[in-house]
Amino acid sequence: MSNTVKEIEILNADDAELMRISREGTLSLNLNEMKAIQTHFKGLGRNPTDVEIETIAQTWSEHCVHKTFKSIIRYSEDGKAPEQIDGLFPTYIQRATEEIAKPWCVSVFSDNAGIIEFDETCNLVFKVETHNHPSAIEPYGGAGTGIGGVIRDSLGTGLGAKPILNTDVFCFGMPDTPYAQLPKGTLHPKRVFKGVVAGVRDYGNRMGIPTANGAILFDTRYTANPLVFCGNVGLIPRNRCEKSVEPGDLVVAIGGQTGRDGIHGATFSSAELDDTSESLGSVVQIGNPIMEKKIVDALLQARDRNLYRSITDCGAGGFSSAVGEMGADIGAEVHLERVSLKYEGLAPWEIWLSEAQERMVIAVPPENLTELMEICESEVVEATVLGTFTDTHRLQVFYEGAIVADLEMEFLHNGLPKPVKEAIWQPPKHPEMPSRDREAKNYTDDLKRLLASPNIASKESVIRQYDHGVQGGMVINPLVGVTNDGPSDACVITPVLGSRKGVIIANGINPKYSDVDPYLSAAAAIDEALRNIVAVGGTLEKTALLDNFCWGNPDKPDRLGELVRAAKACYDIATAYGTPFISGKDSLYNEYRDTTTGEQRAIPSTLLISAICVISDIRNAVTMDVKAPHNLIYVVGNTYTELGGSHYFGIHGFIGNAAPAIRPDEGKLTMERLSAAINNGWVRSCHDCSEGGIGVAAAEMAFAGGYGMSLNLDNIPTGDEITADDYRLFSETNSRFIVEIEPQHRDAYETHMAETPIGCLGTVIDGHEFVIKGKAGHPIVETSIDALKSAWQTPLHS
Amino acid sequence: MTKPNVLILRTAGTNCDAETDTAFQLAGAETALVHIQNLISGKVHLSDYQILAIPGGFSYGDDIAAGILLAIEMKHKLTNALNQFVMDGKLVIGICNGFQVLVRTGLLPGISTSANGTSQMTQRATLAMNTSAKFECRWVDLETQQSPCVFTKDIKPSVYLPVAHAEGRFTAPADVLAELEANNQVVFRYAESEYPKNPNGSDADIAGICDTTGRIFGLMPHPERFLTKWNHPRWTRLADAQDTASEEGEGLAIFKNAVNYTKANLL
């Protein structure tokens, strides 16, 4: 590759030639977009340079601009009149937040992360990103730079937040996949699992940020397209939440050097993978957490001394995207030869697009440059002045004195044609699974199988590799209970040491229900995230949400139809619960194509909901492990016959059709009353009732606390008539909890909960027996907590 | 009365500096977070401080081995200042990565004095990769030993603290281990020998050691992560969870001891 700039011949190109240029350049631009570029340059009477067309492709990529969520969608649903949706994002996500109108939302959807209020001096920022495509090809590097990237999102929000917590959610193929069944060119799920965990561990631990929340899910459809969600929470002074750029400010790059790594990451992740993707090594970035730590150390000092006016991270699209965004309203001029390079020989467009990690761009008033440089010198961080922000409303890029790109900001940011997309949704019909009450002697083995299924089984071997105590603010660990190994519903930290004000981070994710209805899957994800918040002592009133959609190819109407269903649920359920979205992200095109067989597979439509809640006094937090014998065990919330997409049906090879419905009115009342009961100090332990239903939740509470239970399912409150014991035991109805109440609080608790269905199932016992009786009064589960715990701990032990 | 001055040393990859800073402040000290560049350049003088704290983290990424690059830098670029600091009877604490640094500088188990009277910083022990071969984050029971360590004076016989490290297996040649035992230089031991109660496979279950004077102390567990009782991983199970009379975590005593010793002997 030479140091020269090439002209791209598009003025006279026909459609086929335009698409060839897009494909061969990994531009991921469709024909309409290529034509819009052609028209623009015809107006200018010249061809674009490679720097220019690459800049446009990055800026217009799905990854950077989220065009699917902004596009016009013609949506038709089985038996209903078609409707036109003018953008999923404004219609369902942004509108929900606007209508909920929480006064504590400081900044939503506009900066690199959402910002909410924390205390008198600080706010919190929260962002979750995905790094799926890179992690499929190079799990360690992909996942590490995923966490590195989202940390820079916090650092690039407002004038820079201090990163205080990481959260990570992974979706992998089944760990026992036979090698012969691996799709061509893909890595074994175990190798992806190991590499991703190691990548997140090494980056997060070295940065000194606790990784204290997460989830790991398994499904064969994630084999070729694993999902890696990385989130970061940051703490920022209240008077450092806004940014601006003035003409004359210097464009300063700070941090790592630029190399040929990660070029085309943005456009690569806006396309499907196939069995040749593994050869695209250069699209995966290389991480260096110590460099990033140095940047944080230097920038937070510069922030506190007010030395710069704006900041953003160099993520997808590298400098092209960072400088292009910062100067969008005024203009910018950059000189590429000033960029500090890892090695010689990069073409100008490569310097401009490189996604080399650990770089930030800041806008520095010239009078502050000396002081900034002094800080960087004392922290041994490189900082380079690349150019200036201007008032030309153009993005002008120079290389060794010659202009190599000259683009109008208006065309770059608003020239993208708004696509119209078709979406359809038709409810699937799956075989139903009958109750096994007649054939099954009891459900002890089913309960053990559920506890041992990889989605439910203990993730301790992973969690222990993450430093969750660094920064000193840990209050509720990810692992809790008498031997510190039970599954906590959420983590609680005090970001300001010495203060009792706390932050809860939780998540919800239920892709199995997407097989029945993505609406219910999204609704359940929100409900689950909120249950996890409430279960440790949080309230709906102070909770904000993040949405992360990972989907298949949205150019296919059925995949897009599923996305519409999920987005509708986001609006309906968030507004019903009064919990606003403050940030989100989407990763589409998670599909794999086998180029020899032509076989095409998509991931299950997967929505991750992350929740953040501020609590005023961490001393009111509770954990999920039972505390003492003779305490009473209650189910809170009605159970319905809802096993569609459940884990119980799953272990017997069924999907079913009745996925858990969402009843937000019931759910909201339940959660509000329970929050109050917890804050009144009546609840000794509380656990979210989700995957595996009452059976799994009760078992987890018992073995985490080290005491057995004696329960009777006759007493569970039900919303419909459920006669079958297995349905009662394993139904996954939303908005339910299991709580432990001391006998002396029984009356106060029951009176307080009068408007919410509750049922006392039995007691904690002074022993290790775990017995649940069914409708006929005979035991349907009869075992010991040791056997249950062993079933739960063994599968993912190493 | 003047407060003791604590220098909390930072460099690239240090990451437990803020909570170590909080710990010393809660204990009643004046603190300064100082990048090693500022000591090397002479902008800041070690002699202005009575306590040197080397916090946890991954100094220089723990490239080559944990703590080694910072140890080399200290040994070669701060030689005189460090020697003088120790000779003046001042206090040094290294936590986790800081312990690794102290062992690799030779400040622990202790500087030996050669025949011609010059002191030698020579590494005589090491903190090797955990026997589990991975990073481990967990709480451990520690047994406080009889030792001259000023940081653990009158501390409870058993202390509960978190560890979080990949390279924490203390190991040394038999003669060095014997010397440590003979001089009562072992300050903390993991309460039991088997994994994971001894989380890293350390020789003689060693979790922390001091030099013969008791003024230089290094340990793998993190006392700065247990400053209030709500840091305890099972505080929700403890009978006194809601009792506000004592909110102190077990880790704070170590920092208070350092402050008290300094007030009594060095100010």
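Modeller: Let us begin with the salt bridge, which is defined as a side-chain nitrogen of Lys or Arg within 4 Å of a carboxyl oxygen of Asp or Glu. The model is predicted, so local features need pLDDT of at least 70 and side-chain atom pairs count only at pLDDT 80 or more, whereas totals for chains, interfaces and linings use all residues. Residues are numbered from 1 along each chain as its sequence is written, chains are lettered from A in the order in which they are written, and side-chain values use heavy atoms, with hydrogens and water left out.

Biologist: What makes A:Arg305 and A:Glu371 a salt bridge?
Modeller: Their side chains meet at 3.0 Å, N to O, and the limit is 4 Å, so the pair qualifies. A:Arg305 lies in the loop between α11 (289–304) and β11 (310–313) of chain A and A:Glu371 in helix α14 (residues 369–378), so the pair ties together parts that are 66 residues apart in sequence. Helices here are DSSP runs of H or I with at least four residues, and strands are runs of E with at least two, numbered from the N terminus.

Biologist: Why are A:Arg305 and A:Glu371 called partly exposed?
Modeller: Buried means under 20% relative accessible area and exposed over 50%, with partly exposed in between (1.4 Å probe, protein chains only). A:Arg305 has 44% and A:Glu371 has 30%, so each is partly exposed.

Biologist: How do you know that A:Asp15 and A:Lys35 form a salt bridge?
Modeller: The N to O distance is 3.6 Å, which is within the limit, so the pair counts. A:Asp15 belongs to helix α1 (residues 15–24) and A:Lys35 to helix α2 (residues 31–44) of chain A, so the bridge ties together parts that are 20 residues apart in sequence. A:Asp15, at 36% relative accessibility, is partly exposed, and A:Lys35, at 34%, is partly exposed too.

Biologist: Why does A:Glu740 have no salt bridge?
Modeller: The nearest side chain of opposite charge, A:Lys627, is 5.0 Å away, which is beyond the 4 Å limit, so no bridge is counted. For charge, Lys and Arg count as positive and Asp and Glu as negative, while His and the chain ends are not counted. A:Glu740 is buried and lies in strand β31 (residues 737–741) of chain A.

Biologist: What joins the side chains of A:Glu740 and A:Ser685?
Modeller: A polar contact of 2.7 Å joins them. The term requires a pair of N or O atoms within 3.5 Å; within protein, one must be able to donate a hydrogen and the other to accept it, and residues adjacent in sequence count only if both atoms are side-chain atoms.

Biologist: What makes B:Arg225 and A:Asp467 a salt bridge?
Modeller: The closest N and O atoms are 2.9 Å apart, so the pair meets the rule. Across the interface of chain B and chain A the rule finds five salt bridges, and the count of residue pairs in polar contact, both at pLDDT 80 or more, is 19.

Biologist: How many residues of chain B are in contact with chain A?
Modeller: There are 33 residues of chain B in contact with 45 of chain A, where contact means heavy atoms within 4.5 Å. The area buried between the chains is about 3100 Å², of which carbon and sulfur atoms give 48%; buried area is the accessible area (1.4 Å probe) that two parts lose on being put together, summed over both.
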